Amino acid sequence: MKVKVLFFASLREQLGTASEEIELPAGVGTVAALRGHLARRGGAWEGALAEKKNVRAALNQDMVKPAAAIRAGDEIAFFPPVTGG
Amino acid sequence: MKISVQREDFDSGLEQRNLYRHPGVGAVASFVGIVRDVGMTLEHYPGMTDSALRKIVDEAKGRWKVMDCTVIHRYGELAPHDQIVLVAVASAHRGDAFAACEFIMDYLKTQAPFWKKEHRPDGAAWVEARASDDDAAGRWEPPARKAS
């Protein structure tokens, strides 16, 4: 299935990309699995998305937990903890 | 209710006075966040910011008697002493206005998708989230309904 992935702030800079459309292999069905899938690209991806890194996620513009299920056409965003206000 | 995510500055006095007109209002509590010493770039998640702020305000409305509310948050380039954010809450009495205003700010700090990059003398650096902000948001009772 195809999903849209967005990156913000320091994550966007580390990865050198703000967004991409990605075709997911079978078995990548949650936000956590997607993060793991991206981290396995290695290099900057592994460094920025490794499990020990404090990364938050939103699914279709809603903050979610890593276990949230993803479906074709979803928009998933990864970003560091927010610092507005 | 007015929610605005904008590049431009705002008139905090005018925004506050606009809330006086609501019938029954007896109190308006407001908070303005200011850029401290270092200029910054504020990034946000355009598709999500507005709805995240709306959800926080709705949550506040479920907890306190809020008659009207204005939240303005800027993004883009900001210099020292610039206004960053305004939260103004109108209610019949001060207790609800104070509490709702503080709640909205505390939740905004941990839930609204904004990120600050400071332009320090030794280079630009993303601001790290502070545990004290999570503590501030955590001292309010958890939401009645699940946020997700």
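Q: In this predicted model, a residue is called buried if 20 or more other C-beta atoms lie within 10 Å of its own, exposed if 12 or fewer, and partly exposed in between; which class does A:Gln61 fall into?
A: The loop between β3 and β4 of chain A holds A:Gln61. Inside 10 Å, A:Gln61 has 17 C-beta neighbours, and because the class between the two limits applies to that count, A:Gln61 is partly exposed.

Q: What is the phi of A:Asn60, and where does A:Asn60 sit?
A: Most residues other than glycine have a negative phi. A:Asn60, which is not a glycine, has a positive value near 50 degrees, and A:Gln61 likewise has a positive phi, near 65 degrees. With 17 C-beta neighbours inside 10 Å, A:Asn60 counts as partly exposed. The phi asked for is near 50 degrees, and the place of A:Asn60 is the loop between β3 (56–59) and β4 of chain A.

Q: Which strands stand at the edges of the open sheet in chain B?
A: The sheet is made of 4 strands in the order β1-β4-β6-β2 of chain B, with mixed pairing. Each edge strand has a single partner strand, so one of its sides is left without a neighbour in the sheet, and the strands in that position are β1 (2–6) and β2 (27–34) of chain B. From one strand to the next, the twist averages 5 degrees.

Q: In β4(B), which residue is the bridge partner of B:Ser4?
A: Strands of a sheet pair through backbone hydrogen bonds, either parallel or antiparallel. For β1(B) and β4 (residues 68–74) of chain B, the sense is parallel and the pairing runs over 5 bridges. Within β4(B), the bridge partner of B:Ser4 is B:Ile72.

Q: What angle does the direction of helix α2 of chain B make with that of β1(B)?
A: Helix α2 (residues 46–63) of chain B packs on the sheet, where the helix touches β1 and β4 of chain B. The angle between the direction of this helix and that of β1(B) is about 150 degrees.

Q: Which element gives the largest share of the side of chain A that touches chain B?
A: In the contact between the chains, 18 residues of chain A meet 23 residues of chain B. Elements giving two or more residues to the chain A side are α1 (9–15), β4 (62–64) and β5 (75–79) of chain A. The residues of that side divide into 11 nonpolar, 5 polar and 2 charged. The largest share, 3 residues, comes from β4(A).

Definitions and conventions: Residues are numbered from 1 along each chain as its sequence is written. Chains are lettered from A and ligands numbered from 1 in the order in which they are written. This is a predicted model: local features need pLDDT of at least 70, side-chain atom pairs count only at pLDDT 80 or more; totals for chains, interfaces and linings use all residues. Two strands pair if DSSP finds at least two bridges between them. Axes are lines fitted to C-alpha atoms, for helices over the stretch in contact, and angles run from 0 to 180 degrees between N-to-C directions. Two residues are in contact if their C-beta atoms, placed from the backbone, lie within 7 Å. Ala, Val, Leu, Ile, Met, Phe, Trp, Tyr, Cys and Pro count as nonpolar, Asp, Glu, Lys and Arg as charged, and the others, Gly among them, as polar.
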